[in-house]
Amino acid sequence: MLHLFSFFHLNLAFSSIEKEARPEVIQRCYWPLLRLIREQSLPAGIEASGYTLEEIRRLAPDWLKELRELCGEGLVEFIGSGYSQMIGPLVPAAVNRANQRIGMQVYEELLGFRPEVVLVNEQAYSAGLVPIYREAGYRALIMEWDNPGSARPGWDSHWRYLPQYARGADGSKLPVIWNKSIPFQKFQRYAHGEMELAEYLEFLQSRVGHEDRTFALYGNDAEIFDFRPGRFKTEAVMSGEGEWSRIARLYEAVQADPRFKLIRPSQVLDFLDRPGAANLLHLESAAQPVPVKKQSKYNVMRWALTGRDDLGLNTSCWRIYEALAADAGSPESDWKELCHLWSSDFRTHITTKRWEGVQERLAGLCRRVKPALSTLPPPAATSPQALRVRQEGAFLDIETDQQRLRLNCRRGLAVEGWWDKALSDQPLVGTLPHGYYDDINYGADFYTGHFVLEIPGRHKVTDLVPVSPHWDISAGRLRISAEIETALGLVQKEIWVDGESPRVEIVHHFGWPTCPHGTLRLGHITLNPQLFDRNGLFYRTHNGGDLAETFSLSSDPINHLAPVSALVSASQGLGITEGVVEIGDSRRVIGVCVDKSAAALTGHILCSPVDECYFARLIFSAMEMDDTACRTDHRTCFDDRTIRITLISSSL
């Protein structure tokens with residue numbers, strides 16, 4: 001028998017729905033759902049953020065009363081997600097914790113209880129979130145099977161029909177109830193009249209096995225039935241037959257069919273003792289550190305660096321977070337507002353009117369908490385004699401007792417090599433010149449410390465041009481600087497070198513009044529493949545949790561910046577939510593720090609065997625492309641923007 005469960009995601013903050021349309025959404029989408037559950041005694045899950053429940057209380061208190069009654073009768077299982085629909089792997093652990101804490105308070109106030117099952121927002125998962133969910137009081141999470149499963153070819157395909165355990169970054173675990181994208185997309189097609197009932201039931205029949213299985217009949221938006229949010233021009237046209245009526249006929253057919261049995265989502269956990277269940281799994285992987293629902297065009301970069309101005313919005317949120325975290329007396333109301341402003345819905349297909357409202361709320365919170373602008377860290381005292389500078393032709397050599405740095409003046413101060421004298425007499429990172437690899441696919445110069453702006457249909461804009469650098473001792477450190485003229489405006493580049501420790505900071509100050517739609521990658525760190533052991537190679541960073549997550553680079557090729565299509569420029573990314581990515585092997589590690597309050601960059605790994613060795617690179621991004629990107633009707637985020645990336649080395 002196939003045990004089918006459903007849950008409906010309710011979101012009044014839906015990106016493309018104006019506030020004025022929310023009463024219509026409740027009337028056309030939310031009330032029919034409750035009536036369907038009541039009329040058919042239908043066991044179903046309903047998930048909503050705390051913010052959505054507050055809005056429903058304001059607009060339709062009777063609906064909230066009916067929800068409470070259905071929950072009390074055991075027909076509706078309410079599923080939590082936090083105060084806002086926040087992308088956990090992109091925000092600091094303290095904000096994720098606040099989102100769950102405040103969300104639980106709202107649930108208890110409005111529903112009279114705390115939910116025990118949590119939906120991973122947008123199914124954007126990281127292992128660092130598991131301990132935070134456990135701490136909030138959840139006993140299981142709902143996550144999509146399709147993407148983690150596709151990245152783990154060793155998984156048994158039968159596991160998708162049974163609950164498993166997700167392993168957290170701290171070694172803890174939570175049961176996983178599997179949601180599935182293709183089934184919920186088929187459900188939507190049926191409801192929209194693009195499939196007939198017999199065809200849909202045939203699809204369900206194909207999932208029936210010899211043994212009992214669980215299967216997600218539906219697990220997605222409620223606002224797309226008998227209503228169109230207006231997000232896409234390709235949205236299905238509403239026909240004469242009501243979509244909720246079609247959905248009612250589907251549930252009637254399922255309940256009458258002996259092959260199927262409807263259950264509540266949490267009843268999936270009753271199958272934990274079945275053969276093939278309860279395996280302890282890493283849902284994340286090196287190639288897919290942040291799995292997200294649906295097809296690969298729908299990945300974590302959607303909320304990080306695209307939209308109207310995700311970089312600017314996320315950077316402002318980081319500054320507010322740092323101000324709140326530094327003040328032990330910060331009121332809970334400010335944390336609540338920050339959670340709201342970090343919602344995913346402001347970062348995709350948001351309307352102009354709602355975008356302007358977000359900017360007003362952001363400015364208001366900034367006035368209250370007064371976040372400080374990012375500044376350089378206090379320098380260590382350095383004597384001029386500790387820093388030795390010598391120019392030989394195109395190269396500028398800087399040496400201290402601890403480190404050596406060689407910069408290429410013909411290529412915009414790109415790092416030719418960087419040595420930590422205590423670790424090796426070879427450079428840790430630098431430039432791999434054209435011809436380093438025999439493979440023609442790698443027949444290029446691979447620099448370190450530069451930027452590349454790619455605009456569709458136009459030539460690249462880079463800082464890899466001849467410069468005449470200046471250097472001096474400033475704020476206790478050596479500063480090498482150069483001005484680079486580009487077609488978009490001036491870029492000031494600075495390299496800061498410490499005299500007392502192996503530490504180099506690369507700074508790009510962009511003065512671009514406008515920036516066309518494209519990708520901006522910078523801070524490229526190219527490893528020396530002769531120095532790092534491929535078998536022990538790894539990277540490590542925080543993706544929304546308290547603990548860093550470590551990923552091995554010793555097996556399959558990885559390219560987080562592989563474009564999904566001509567429209568979607570990247571496929572994966574790192575949240576770097578503590579501002580550090582480490583990359584290295586069992587003997588040496590390089591820590592690369594980014595200042596998120598200056599620019600909320602994402603990190604990306606490229607690693608692949610080439611010839612008899614390998615190619616490995618860490619790249620940061622400040623702008624990506626996808627279907628949500630819109631850079632024609634708002635201020636650019638690169639006018640007077642400073643981006644800092646710092647290299648620090650150590651031994652293990």
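Q: In which loop is D226 found?
A: This is a predicted model, in which local features need pLDDT of at least 70 and side-chain atom pairs count only at pLDDT 80 or more, whereas totals for chains, interfaces and linings use all residues. Residues are numbered from 1 along each chain as its sequence is written, and side-chain values use heavy atoms, with hydrogens and water left out. Helices (H or I, at least four residues) and strands (E, at least two) are DSSP runs, numbered from the N terminus. In these terms, D226 is found in the loop between β8 (213-221) and α9 (243-256).

Q: Does D226 count as buried or exposed?
A: The phi of D226 is near 60 degrees, a positive value in a residue other than glycine. Burial is judged by relative accessible area (buried under 20%, exposed over 50%, partly exposed in between; 1.4 Å probe, protein chains only). Because its relative accessibility is 16%, D226 counts as buried.

Q: What is the relative accessibility of L413?
A: L413 is not a glycine, yet its phi is positive, at about 65 degrees. This residue lies in the loop between β13 (403-408) and β14 (414-420). L413 counts as buried because its relative accessibility is 0%.

Q: Which are the edge strands of the open sheet formed by five strands?
A: The order in this sheet is β11-β12-β13-β14-β15, with antiparallel pairing; two strands pair if DSSP finds at least two bridges between them. An edge strand pairs on one side only, which here applies to β11 (388-392) and β15 (429-430).

Q: Which residue of β13 stands opposite L396?
A: Strand β12 (residues 395-399) pairs with β13 in the antiparallel sense over five bridges. In β13, the residue opposite L396 is L407.

Q: How far apart in sequence are the parts tied together by the pair of F8 and W244?
A: Rings of Phe, Tyr and Trp (its six-membered ring) pair if their centres lie within 6.5 Å; planes under 30 degrees apart count as stacked, over 60 as edge-to-face and the rest as tilted. By this rule there are 37 aromatic pairs, and that of F8 and W244 is tilted, at 5.9 Å centre to centre with 40 degrees between the planes. Since F8 lies in strand β1 (residues 2-10) and W244 in helix α9, the parts tied together are apart in sequence by 236 residues.

Q: Do F8 and W244 count as buried or exposed?
A: F8 has 0% relative accessibility and counts as buried. W244, at 7% relative accessibility, also counts as buried.

Q: What kind of aromatic pair do Y133 and Y138 form?
A: Y133 is buried, with a relative accessible area of 6%, and Y138 is buried at 4%. Their centres are 6.3 Å apart and their planes make an angle of 85 degrees, so the pair is edge-to-face.

Q: At what distance from the ring centre of Y190 does R246 lie?
A: Y190 belongs to a cluster linked by ring pairs, whose members include F8, F184, F187 and W244. A charge sits over a ring if NZ of Lys or CZ of Arg is within 6 Å of the ring centre and within 35 degrees of the ring normal. R246 lies over the face of Y190, and its distance from the ring centre is 4.4 Å.

Q: Over the face of which residue does R406 lie?
A: The distance of R406 from the ring centre is 4.6 Å.
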